[in-house]
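Keep the viewer open and follow the points in order.

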Amino acid sequence: MALNKITSVCGKAVPVPGADMDTDRIIPARFLKCVTFDELAGTMFYDERFNADGSSKGHPIDAPQHAGATIILGGENFGCGSSREHAPQAIKRSGIQAVVAESFAEIFFGNAAGIGMPCVCATHAALQTALCITREAPQTQWSLDLEAMTLSCPMATLPVTMPAEPREALMQGRWDAVVELMNAPEAVAALAAKLPAPSL
Amino acid sequence: MGKTLYRKVWEAHTVGTLPDGRTQLFIATHFVHEVTSPQAFAMLRELNLPVLHPERTFATVDHIIPTDNQCEPLADPRAQTMLNALRTNTAAAGIRMFDLPTGYQGIVHSIGPELGITQPGMTIVCGDSHTATHGAVGSIAMGIGTTQVRDVLATQTLAMLPLKVRNVRVEGTLRPGVTAKDVALYIIGKLGADGGLGYAYEFGGSAIEAMDMDGRFTLCNMAIEGAARCGYVNPDATTFAYLKGRPYAPKGEAWEAAVERWKSFASDADAEYDDVVIYQAEDIEPTVTWGISPDMSIGINGAVPAPEEAPDAETRKARITALEYMQLQAGQPLKGMPINVVFIGSCTNGRITDFRAIAPYLKGRKVAAGVKALAVPGSQMTAMQCEAEGIADIFREAGFEWRLAGCSMCLAMNPDKLQGDQICASTSNRNFKGRQGSPTGRTLLMSPLMAAAAAVTGTVADPRDIFDIH
């Protein structure tokens, strides 16, 4: 499968503040009643953004100055909770291409990497700088460079981190693992023969 | 230096190393349900790939199934569509589905162990974060995303990086009225909702060794609420006694061989851990959450903490947000606070032992006026056991709505939901904002015992006082 090599993400940023931003807040469960991911665009952070009557809560995502942002600036333990891939799918299908946060829940991180959406970590201080610039100058164009591992704009260059393996997978265009996983059928068959399967 | 169970199981299931450096890990057992699998089957069709090992995948319907009326067509056409998709997809692939009429349907994390499909020394995955539950038998069990569900269906393997292992020990004897749920909430409270990032939790120590299997399932189920993708307990005599005779457990001579093999996966006495924490069982009280993250908990006699006493600015902000959402004041006790709804069930606490443990206390008592109380067995097998043992009748006579098996009010994908800002005394696993179906609904996580006390008093209560447990 020919996949695009993801080496950088450019564009405006939008703050999604708060620690432990859980998957129920990223996408409330009622939006999971679907058999495809096609309807998820626009559902990200729905109850954080809208009241029950549909009126806006004034979340930064809906602020005109952040319209069209491609990078989310989050807090600690972003994406904790459920394994629902609907969470990164909803984010990606809403136009976001990368998330920068202090830390990520494992499953969310893996799900995002597997659909080609980089999640990188930055220190609390670096994120504060990025948030400050984004709030003061929302039109700021950021560049997340996976080669240099920096998040930069004309005013600042901030270091970011990511484990080497998923970073390589993104940069080499190998982020969808299924192709590589099909390359060792004999070894898989040998383990399948050796390791017991539950049976009646 | 010896090895941990995690490392032994990982090594036994390693196929090789992928070009990006990740391990290709063989998956022994895979569970699927209706929410996170339909897209995976669709991806397979797009790639024109078959299911490689249908005999290693097992399906059931749990999240969207109503617990009051399961007559088809289901009232919610979207729920029916998801159920139909699971039936079609599993039938086409030759995957065994424990459907509604089988007597084996239920929450995927209940039926796996109950059927004996969940076994020690396995890698077990499911598109569901509470897959950690299955680690209680001594396996590497973890939640995965839908694209990974596709990977497992297509290749029976996953691209993974190993976790570090933290040995979480609870030593001593739990006090009367303190349960596995309290231990889980206590540990998460101590280590934080993000404390387990990058770790698998190996639960050990004399208090864990003394726990029955259903308690261990509760504990491992909640590992993910502390950010540990896997939780496990080393397999021992309790594990083997639990599994023996279950439908999918090995039988006859194969049983003896299996037990020997399973024992070999247990962590060595001199195993090397990346971290060790030790807690004293006697320090753990019946525990209840007050906030919107599972680490926001207090002992039943404690008070809601003040933001200004938080150790750092982020925690302070989180506490302010939580107090506002929960409509609580810093310093107030939770004990005595009125509740509207009681939910006893879920993959955390919907097992036979949970219902057995509280039935004697509910006998002859009534649910408090104005309280809606739901008791939802995790599986049809548990439901039938509860009927046979007279437990279901005790709940009904006490004024509980005794429901059919499913995820119910844990996650708001079926008709069981909170209304407005109702407060729910819940044995489930997440107190996130809006988790139980109302964007303003409030969840207090607790043990079944404390939930039973809440049901009969209509308030947050100490079950030791209400039921005279000393």
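1. Let's start with the contact between two helices of chain B. From α2(B), the residues B:Gln39, B:Ala40, B:Met43 and B:Leu44 take part, and they meet B:Thr146, B:Val149, B:Arg150, B:Leu153 and B:Ala154 of α5(B). Sorted by class, these residues are six nonpolar, two polar and one charged. Please keep in mind that this is a predicted model.

2. How do the two helices cross? Helix α2 of chain B covers residues 38-47 and helix α5 of chain B covers residues 146-155; their axes come within 8 Å and cross at roughly 55 degrees. Because of that angle, α2(B) is oblique to α5(B). The crossing of α2(B) and α5(B) is right-handed.

3. B:Asn48 sits in the loop between α2 and β4 of chain B, and B:Asn48 has a positive phi of about 60 degrees although it is not a glycine. For background, most residues other than glycine have a negative phi. Is B:Asn48 buried or exposed? B:Asn48 counts as exposed, because it has 6 C-beta neighbours inside 10 Å.

4. A:Asp20 lies in the loop between β2 (13-15) and α1 (23-26) of chain A. Phi of A:Asp20 is near 50 degrees, which is a positive value in a residue other than glycine. A:Asp20 has 28 C-beta neighbours inside 10 Å and therefore counts as buried.

5. Which two residues does a cis peptide bond join? They are B:Glu72 and B:Pro73, with omega about 0 degrees. You will find B:Pro73 in the loop between β4 (57-60) and α3 of chain B. As a general point, most peptide bonds are trans.

6. Next, B:Ile27, which belongs to the loop between β2 (23-26) and β3 (29-32) of chain B. B:Ile27 counts as buried because 28 C-beta neighbours lie inside 10 Å. Which residues is B:Ile27 in contact with, leaving aside its neighbours within four places in sequence? They are B:Thr123, B:Val125, B:Val152, B:Gln156, B:Thr157 and B:Leu158. For a sense of scale, B:Ile27 and B:Ile423 are 396 residues apart in sequence and 40 Å apart in space, C-alpha to C-alpha.

7. Now to helix α13 of chain B, residues 352-362, and its contact with helix α16 of chain B, residues 448-457. Their axes come within 9 Å and cross at roughly 30 degrees, and the crossing is right-handed. On the α13(B) side the contact is made by B:Asp354, B:Ala357, B:Ile358, B:Tyr361 and B:Leu362, and on the α16(B) side by B:Pro448, B:Leu449 and B:Ala452. The classes here are seven nonpolar, no polar and one charged.

8. α13(B) also packs on helix α15 of chain B, residues 391-398, at an angle of about 45 degrees and with the axes 9 Å apart. That angle is why α13(B) is oblique to α15(B). The crossing of α13(B) and α15(B) is left-handed. B:Phe355, B:Arg356, B:Ala359 and B:Leu362 of α13(B) make the contact with B:Ile391, B:Ile394, B:Phe395 and B:Ala398 of α15(B). By class, the contact has seven nonpolar, no polar and one charged residues.

9. Chain A has a helix to visit too: α6, residues 164-171. Its buried residues are A:Glu165, A:Pro166, A:Arg167, A:Ala169 and A:Leu170. Among what covers them is α4 (106-114) of chain A. Just after α6(A), A:Gly173 takes a positive phi of about 70 degrees.

10. What about the largest nonpolar core? It has 220 residues, of which A:Ile71, A:Val100, B:Cys230, B:Val288, B:Val342 and B:Ala454 touch the most other members. Beyond its neighbours within four places in sequence, A:Ile71 is in contact with residues including A:Val9, A:Gly11, A:Val100 and A:Trp142.

11. Last, the contact between the chains: 65 residues come from chain B and 55 residues from chain A. In chain B, the elements that each supply at least two residues include β1 (14-17), α3 (77-93) and α11 (313-326). The largest share of this side of chain B, seven residues, comes from α5(B). By class, the side of chain B that touches chain A has 28 nonpolar, 23 polar and 14 charged residues.

Notes
Residues numbered from 1 in each chain as written. Chains lettered and ligands numbered in written order. Predicted model: local features only at pLDDT ≥ 70, side-chain atom pairs only at ≥ 80, totals over all residues. Buried ≥ 20, exposed ≤ 12 C-beta atoms within 10 Å, placed from the backbone. Helix = DSSP H or I, 4+ residues; strand = E, 2+ residues; numbered from the N terminus. Contact = placed C-beta atoms within 7 Å. Axes fitted to C-alpha atoms, helices over the stretch in contact; angles between N-to-C directions. Parallel < 35°, antiparallel > 145°, perpendicular 65-115°, else oblique. Left-handed = near helix turned anticlockwise from the far one by under 90°. Nonpolar A, V, L, I, M, F, W, Y, C, P; charged D, E, K, R; others polar. Core = buried A, V, L, I, M, F, W, Y, C linked by C-beta atoms within 7 Å.
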